[in-house]
Amino acid sequence: MESSGTATVIKNAGSQFLLSVLPQEWAPFPAVLRGRIRLKGGVATNPVAVGDHVRYSFEETPSHEHPALITEVLPRRNYIIRRSTNLSRQAHVIAANLDQAFLIVSLYFPEIKLPFLDRLLVTCEVYGVPVTLVLNKVDLYRSEVPEQVSAFRRIYESAGYRVIETSTVTGEGIETLREATRGKVCLLSGESGVGKSSLIRALDPSLDPKVGAISEAHLQGKHTTSLYEMYRTRDEAFLIDTPGLRGFGLVDLGKEEIALYFPEMLKASRQCRFTPCTHTHEPGCAVKAAVDAGTISAERYNSYLGMLEEDSKFR
Ligand code: GDP
Ligand code: ZN
């Protein structure tokens, strides 16, 4: 007798998946795709991603020998994709149905590049994923460069983003991060070395991202490489770890679209004399006026100009 249900994809290793019925329980079971499931109009190389809600069916309790069958991918609330190049048609869905993305950064060790961060923020805005910035390793530099830390906060808080300062060494900010992630499906992203794994361990010492959330022994086959998987912390936060950031900040936007994804510019642009306005040379541009008045940060505006320029290079 066939039974069925809905569950969330918590791990994707090649053609095999682990599902769990969330948030009620954390009891991973194996599943495979039935036939070919295609995303309507999608260009993704993977039709099913971590975080996807799927319908599945099974005849006996799912096991390695008898994995459940994924029969349908339910509509996504949002998702984040990665492209290999800016013009690449092929895209890989990193994760779907995210409540919140946490971009982990550090002013130093490794040194932050604001234009790169702004590009990631634009990506999150394009895909409709709310973002929080986590400024980690503050124990290493805040007392030396307090004015740089407050400048960072000012730039991003005035753009509308929450900034949480953390240190996995002193424990500062970890409780704040715990409350911000509790009960949510969260994407954790950051350049290698910023302390992403350390933060996951600080939230739940039983987790080790360097080893993986779920032992590969749960999946059949010898060689299963999995890029993305979901962790559940003891506070019921569902964290999707994304190693590396290459291709994450590449979105295909038209010139006149880019400013729509800088929230503070979008807001100011309603007062621009011309529509559309590229906020570069037009008279009566409210965005440029706001930059001159200091209510929009010069750093963010520079990132915007950089993206405009890149965009014309590619077109
Ligand atoms: P990941 O590559 O982003 O996962 O970074 P890791 O968690 O592996 O951390 C990279 C290095 O930074 C390690 O040596 C950590 O011990 C160190 N680290 C992580 N968080 C902090 C922090 O808050 N303060 C300091 N001083 N070092 C940290
Ligand atoms: Zn303008």
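1. A residue is counted as near a molecule when one of its heavy atoms lies within 4 Å of it. On that basis, and bearing in mind that this is a predicted model, 16 residues stand around ligand 1, and those that come nearest are Asp139, Gly193, Lys196, Ser197 and Ser198.

2. Two helices, H2 (138-141) and H5 (196-203), each supply at least two residues of the shell around ligand 1, and the largest share, three residues, comes from H5.

3. Several polar contacts to oxygen atoms of ligand 1 can be followed in the model. A polar side-chain atom of Ser197 lies 2.5 Å from an oxygen atom of the ligand, and an N or O atom in the side chain of Ser198 is likewise 2.5 Å from an oxygen atom of ligand 1. Gly195 takes part through its backbone, with an N or O atom placed 3.0 Å from an oxygen atom of ligand 1. Taken alone, ligand 1 exposes 580 Å², of which the protein buries 71%.

4. A cis peptide bond joins Thr275 to Pro276, with omega near -5°, and Pro276 itself is found in the loop between helix H6 (263-269) and helix H7 (286-293). Another cis peptide bond runs from Leu22 to Pro23, where omega is near 0°; the place of Pro23 is in the loop between strand E2 (16-20) and strand E3 (29-33).

5. Asn97, although not a glycine, has a positive phi of about 55°, and it lies in the loop between strand E7 (91-96) and strand E8 (100-105). Is Asn97 buried or exposed? With a relative accessible area of 4%, Asn97 is buried, because the limit for that class is under 20%.

6. Glu236, which is not a glycine either, has a positive phi of about 60° and is found in the loop between strand E12 (229-232) and strand E13 (238-242). Its relative accessible area is 33%, and Glu236 is therefore classed as partly exposed.

Definitions and conventions: Residues are numbered from 1 along each chain as its sequence is written. Chains are lettered from A and ligands numbered from 1 in the order in which they are written. This is a predicted model: local features need pLDDT of at least 70, side-chain atom pairs count only at pLDDT 80 or more; totals for chains, interfaces and linings use all residues. Side-chain values use heavy atoms; hydrogens and water are left out. A polar contact is a pair of N or O atoms within 3.5 Å; within protein, one must be able to donate a hydrogen and the other to accept it, and residues adjacent in sequence count only if both atoms are side-chain atoms. Accessible areas come from the Shrake-Rupley method with a 1.4 Å probe; for residues, only the protein chains shown count as cover. Helices (H or I, at least four residues) and strands (E, at least two) are DSSP runs, numbered from the N terminus. Buried means under 20% relative accessible area, exposed over 50%, partly exposed in between (1.4 Å probe, protein chains only).
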